[in-house]
Amino acid sequence: MQECPQVRIKKKRQWKKYPWVKKILLLKKHICWDSFRMSSTMSYWILNSARNSIVTLQRGGHLYSKCASSRDKLKRMLFSWASTTLKNNAPCGGFALPKAYRHTSTEEDDFHLQLSPEQVNEMLRAGESAHKILDPISGVPNSVLRFESNQLAANSPVEDRRGVASCLQTNGLMFGVFDGHGGHACAQAVSERLFYYMAVSLMSQQTLEQMEGAMESMKPMLPILQWLKHPGDSIYKDVTSVHLDHLRVYWQELLDLHMEMGLNIKEALMYSFQRLDSDISLEIQAPLEDEMTRNLSLQVAFSGATACMAHVDGAHLHVANAGDCRAILGVQEDNGMWSCLPLTHDHNAWNQAELSRLKREHPESEDRTIIMDDRLLGVLMPCRAFGDVQLKWSKELQRSVLERGFDTEALNIYQFTPQHYYTPPYLTAEPEITYHRLRPQDKFLVLASDGLWDVLDNEDVVRLVVEHLSEAGQHKPDLAQRPTNLGLMQSLLLQRKAQGLHVADQNAATRLIRHAIGSNEYGEMDPERLTAMLTLPEDLARMYRDDITVTVVYFNSDSIDAYYKGV
């Protein structure tokens with residue numbers, strides 16, 4: 001997600017300690033220039049960018065807007081330089097790293113840009129997750145076969161989140177990708193809470209009454225979700241009781257509607273997005289005695305997150321999107337040709353329908369200021385998001401909340417008001433919902449944060465997943481045709497080890513991330529570029545790439561076909 005530093009949460013002392021010129025000087029100081037020399041052209045672009053950044057800050061402008069305009073040009077120059085340099089020079093010290101790691105700062109004395117193929121794979125595959133979906137107890141084959149997911153950080157800590165869960169009291173699987181900005185707090189909260197709001201929205205009146213009865217009698221509640229989480233995914237365990245209280249208020253309101261069968265899926269998605277965003281806003285306005293919960297609620301409300309969520313129930317696929325994450329379908333026609341079917345629209349300044357919506361919702365006098373520098377109010381790239389109360393609340397409400405004794409510097413809360421802030425709210429979490437009835441030719445669904453779509457278009461993504469499926473089929477040893485013995489297995493293992501970097505990824509999401517950061521301008525994999533992107537220090541990595549989160553969902557064509565035949 002791209003936004004100016006007024007939105008990004010940064011400690012003020014960090015800006016004092018690491019201004020851009022100092023970063024560049026530190027980088028130049030600690031790299032062994034005899035073996036790792038930067039071209040004069042590259043130096044000019046980086047230092048010029050640093051000067052522009054400082055001038056922008058002094059004038060009260062938007063630092064990230066200035067940097068982002070030249071980021072692609074800098075990136076191209078960096079890697080055309082890196083490819084030539086790495087081929088002709090060894091990094092300082094001339095030895096392989098014992099373990100793959102990201103540099104945490106340009107202040108490090110040992111700044112190596114060389115990784116072994118094994119270390120590259122280790123870094124790329126660290127966030128992998130894959131699950132095969134079991135058929136439900138009813139015995140009806142599931143329309144989802146399996147899913148594969150992965151995540152690669154550029155921010156530290158990573159601001160993207162992901163989620164996969166099945167509804168235990170209703171039908172359906174849910175998949176979500178959440179792209180945070182201004183910190184990870186909002187994306188974390190949305191990834192943990194949105195699916196519960198959705199599951200409750202779909203419950204029947206009888207199930208909701210059982211839930212409420214269990215709460216009143218202090219008995220165990222019916223389980224709502226079964227999570228399929230990566231081991232590294234964190235949970236705010238200390239505040240789940242507060243979140244449960246607000247979820248309970250929501251289902252009590254649903255009970256008051258006296259709907260026997262619950263909301264339909266489209267209504268449930270719409271209500272869930274908007275209700276959760278409303279709760280995020282109200283929770284920090286209400287008095288909270290617990291200091292930790294109060295501080296966390298402030299961080300969640302003043303950071304932000306876009307969200308793309310899919311709900312799959314049999315042949316019914318619904319996708320809800322708010323922001324610039326994206327979902328596409330990979331479709332194989334009867335003649336074997338592959339195509340891409342987009343299921344979402346990016347909600348940003350390049351979406352004319354979104355621009356028209358914003359102009360309808362605000363006075364004509366703001367037509368020229370509502371989008372500036374391709375950003376909402378010149379500040380935020382997406383036009384829909386959770387949180388971000390700086391673009392939703394009145395100035396008076398923001399001031400009254402922040403004056404309650406919060407240590408905003410310690411909590412990384414940056415206080416600002418956009419220049420042309422007249423008629424809030426300017427931002428909404430209302431999702432755009434797409435329904436698609438799955439067909440046997442719909443083979444897979446890809447959901448990803450904009451870190452992927454910034455560098456790969458829809459057709460490239462479908463092509464790479466199809467290549468992954470093809471290679472996975474080709475690389476399966478045909479043991480049925482040959483006698484299986486230890487000698488054969490040892491031979492296969494040695495062949496795989498000898499392939500090194502070229503060992504096929506077992507996870508399609510990993511393949512997409514590998515190509516997103518490692519492909520050159522011709523779409524070919526460039527090992528030097530890939531290595532350089534992975535070893536960029538944390539305090540520079542965000543200038544050249546974004547957090548990337550990808551989930552690939554594979555459909556069961558036979559099961560979908562059975563739905564059409566009524567089997």
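**Note on helix packing and salt bridges**

1. Within helix H16, Arg514, Ile517 and Gly518 are in contact with Arg529, Leu530, Met533 and Leu534 of helix H17. Sorted by class, the residues of this contact comprise four nonpolar, one polar and two charged. The model under discussion is a predicted one.

2. The geometry of this pair may be stated next. Helix H16 covers residues 508–518 and helix H17 covers residues 527–535; their axes lie 8 Å apart and meet at an angle of about 95°. H16 is therefore roughly perpendicular to H17, since angles of 65 to 115 degrees count as such.

3. H16 also packs against helix H5 (residues 117–125), here at an angle of about 115° and with 10 Å between the axes. H5 is thus roughly perpendicular to H16. The crossing of H5 and H16 is right-handed. On the H5 side the contact involves Val120, Asn121, Leu124 and Arg125, and on the H16 side Thr510, Ile513, Arg514 and Ile517. By class, four nonpolar, two polar and two charged residues make up the contact of H5 with H16. Arg514 and Ile517 of H16 are listed in the contact with H17 and also in the contact with H5.

4. Glu471, with a relative accessible area of 25%, is partly exposed.

5. Asp442 counts as buried because its relative accessibility is 0%. Arg439, at 26% relative accessibility, counts as partly exposed.

6. The other pair is Lys565 and Asp561, whose closest N and O atoms are 3.0 Å apart in a salt bridge. Both residues lie in helix H19 (residues 557–565), where they are four residues apart, about one turn of the helix. Lys565 is exposed, because its relative accessible area is 61% and the cut-off for exposure is over 50%. Asp561 is partly exposed, its relative accessible area being 26%.

7. Which residues do salt bridges with shared partners join into one network? They are Asp460, Arg463, Glu467, Glu471 and Arg511.

8. The last point concerns Asp313, a residue of strand S6 (residues 304–313). At 25% relative accessibility, Asp313 counts as partly exposed. Which residues does Asp313 contact when its neighbours within four places in sequence are left aside? The contacts are with Asn171 and Gly172. Along the chain, Asp313 and Gly172 are 141 residues apart, yet their C-alpha atoms are separated by 4.3 Å.

Technical notes: Residues numbered from 1 in each chain as written. Predicted model: local features only at pLDDT ≥ 70, side-chain atom pairs only at ≥ 80, totals over all residues. Heavy atoms only, no water. Axes fitted to C-alpha atoms, helices over the stretch in contact; angles between N-to-C directions. Helix = DSSP H or I, 4+ residues; strand = E, 2+ residues; numbered from the N terminus. Parallel < 35°, antiparallel > 145°, perpendicular 65-115°, else oblique. Contact = heavy atoms within 4.5 Å. Nonpolar A, V, L, I, M, F, W, Y, C, P; charged D, E, K, R; others polar. Buried < 20%, exposed > 50% of the residue type's maximum accessible area, 1.4 Å probe, protein only. Salt bridge = Lys/Arg side-chain N within 4 Å of Asp/Glu carboxyl O. Left-handed = near helix turned anticlockwise from the far one by under 90°.
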